[in-house]
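Good morning, colleagues. I shall take a few minutes to walk through one model, from single residues to the whole chain and back.

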Amino acid sequence: MTEGRADLVNWREPGALIETGALEASLGAPELRIVDCTTWLKPAEPGDEAPYRVVPGRAEYDAEHIPGAVFLDIQGAISDPDTRLKFMAPTAERFADAMGGLGIGDESRVVLYSAGSIMWATRVWWMLRAFGFDRASVLDGGWEKWRAEGRPVSSAPGQHPPARFTATLKPGQFVDSEHVLSRLGDTSTVAVNALAPEFHLGEGPSRYGRPGRIPGSVNVPAATLLDPENGSFVSLDEARRLHEEAGITQDRHVVAYCGGGISATVGLFLLHQLGYGDLTLYDGSLGEWAYDPDLPIETGPQTGETR
């Protein structure tokens, strides 16, 4: 049982979250697969086509990690290699090969964590669910909380025999720009931008291309959904309040986006736990939308309600 959160009984899937103490008590369980998903985004260099450089957190993992954890290179192993966009969902075959290679099988119990931001763990959680696997948990507070509490660490690489992982992409988990464009102005749909307010407003330069947001979208920054002191998720009541104040109600089709389809999964994780059913991720996000001059973009304060 996850400890420390009084609201966990109200979660749609309490098993999707695990506290540091519960994970420590589970270390060594034969079916457990702990996955370090850490990734860093570094400034782009001159001539780079992408808006940033992706640096896997392998060096940090090699130095120390949660005992038994394996390392997952999100960009290198479970992203589409045939597009200029970073982190786009791969084929089911590529995803299954990567999971199986880490020793994750259909009956494994997976715990995901990351350093720097929990968004890397929620991204992999969303992908696992999208490909039909629902036995994954996100470590509340991630690596920083684990380390701050003085829990055990190791530099020995985690090793598991290869396993059979079945991956079948469920419809509607990822959408493209055509889907988003077709829903503009549709009051039954709400696009949710997870970036910071200044980027939502289009203030200053953007590393994704044109500054601004998808027209009509609302802003629930991923950072507001995390406790600034320890990186844990805010309470469900707080998550509900933040989303409902933005006009995101359970009767609407929710299209989450950000810069590259990563931080938007923080909101998707909590919306799922709140019971929202019609959720999807615009995988290309602003890395695609803002780059394409044929797609409309909006800047400045909201001029009206999107309800």
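Is Ser285 buried or exposed? Before I answer, please note that what is shown here is a predicted model. Ser285 is buried, because its relative accessible area is 0%, and a residue counts as buried under 20%. This serine belongs to helix α11, which covers residues 285–289. Its backbone also deserves a remark: phi of Ser285 is positive, about 45°, although the residue is not a glycine.

Phe87 sits in the loop between α3 and α4, and it is buried, with a relative accessible area of 1%.

Let me now turn to the chain as a whole. The protein chain contains 11 helices and 12 strands. For 307 residues, a compact globule would have a radius of gyration near 19 Å, and the chain has 19 Å, so the two agree. The C-alpha trace spans about 55 × 45 × 35 Å along its principal axes. Of the 307 residues, 52% count as buried. Contacts between residues 24 or more positions apart make up 76% of those with a separation of 6 or more.

The charged side chains number 26 positive and 43 negative. The centres of these two sets lie 2 Å apart.

I come next to the interior. In soluble globular proteins, nonpolar side chains tend to be buried together. Here, the largest nonpolar core has 81 residues, and those with the most contacts inside it are Met99, Leu112, Leu128 and Ile248. Helix α5, residues 119–130, supplies the largest share of this core, with 9 residues. There is also a second, separate core of 15 residues, which includes Ile66, Ala69, Phe71 and Leu139.

Which residues does Met99 contact, leaving aside its neighbours within four places in sequence? They are Leu72, Ile78, Ile104, Leu128 and Phe165. Met99 is itself one of the buried residues of helix α4, residues 92–101, together with Phe95, Ala96, Ala98 and Gly100. The buried residues of α4 pack against α3, residues 74–77, and against α5. After this helix comes Gly103, with a positive phi near 90°.

Just after α10, Gly275 takes a positive phi of about 100°.

Gly28 lies in the loop between α1, residues 20–26, and β2, residues 32–36. Gly28 is exposed, because its relative accessible area is 72%. Between the C-alpha atoms of Gly28 and Gly260 there are 35 Å, with 232 residues separating the two along the chain.

Pro81 is found in the loop between α3 and α4, which is also the place of Phe87. Pro81 is exposed, at a relative accessible area of 52%, whereas Phe87 is buried, at 1%. From Pro81 to Gly15 the distance is 32 Å, C-alpha to C-alpha, with the two 66 residues apart in sequence.

Gly209, finally, is placed in the loop between α8, residues 197–201, and β10, residues 218–219. With a relative accessibility of 37%, Gly209 counts as partly exposed.

Thank you; I would be glad to take questions.

Conventions
Residues are numbered from 1 along each chain as its sequence is written. This is a predicted model: local features need pLDDT of at least 70, side-chain atom pairs count only at pLDDT 80 or more; totals for chains, interfaces and linings use all residues. Side-chain values use heavy atoms; hydrogens and water are left out. Helices (H or I, at least four residues) and strands (E, at least two) are DSSP runs, numbered from the N terminus. The radius of gyration is taken over C-alpha atoms; the globule rule is 2.2 Å times the number of residues to the power 0.38. Buried means under 20% relative accessible area, exposed over 50%, partly exposed in between (1.4 Å probe, protein chains only). Contact means heavy atoms within 4.5 Å. Lys and Arg count as positive and Asp and Glu as negative; His and the chain ends are not counted. The place of a charge is taken as NZ of Lys, CZ of Arg, CG of Asp or CD of Glu. A nonpolar core is a set of buried Ala, Val, Leu, Ile, Met, Phe, Trp, Tyr and Cys residues joined through side-chain atoms within 4.5 Å.
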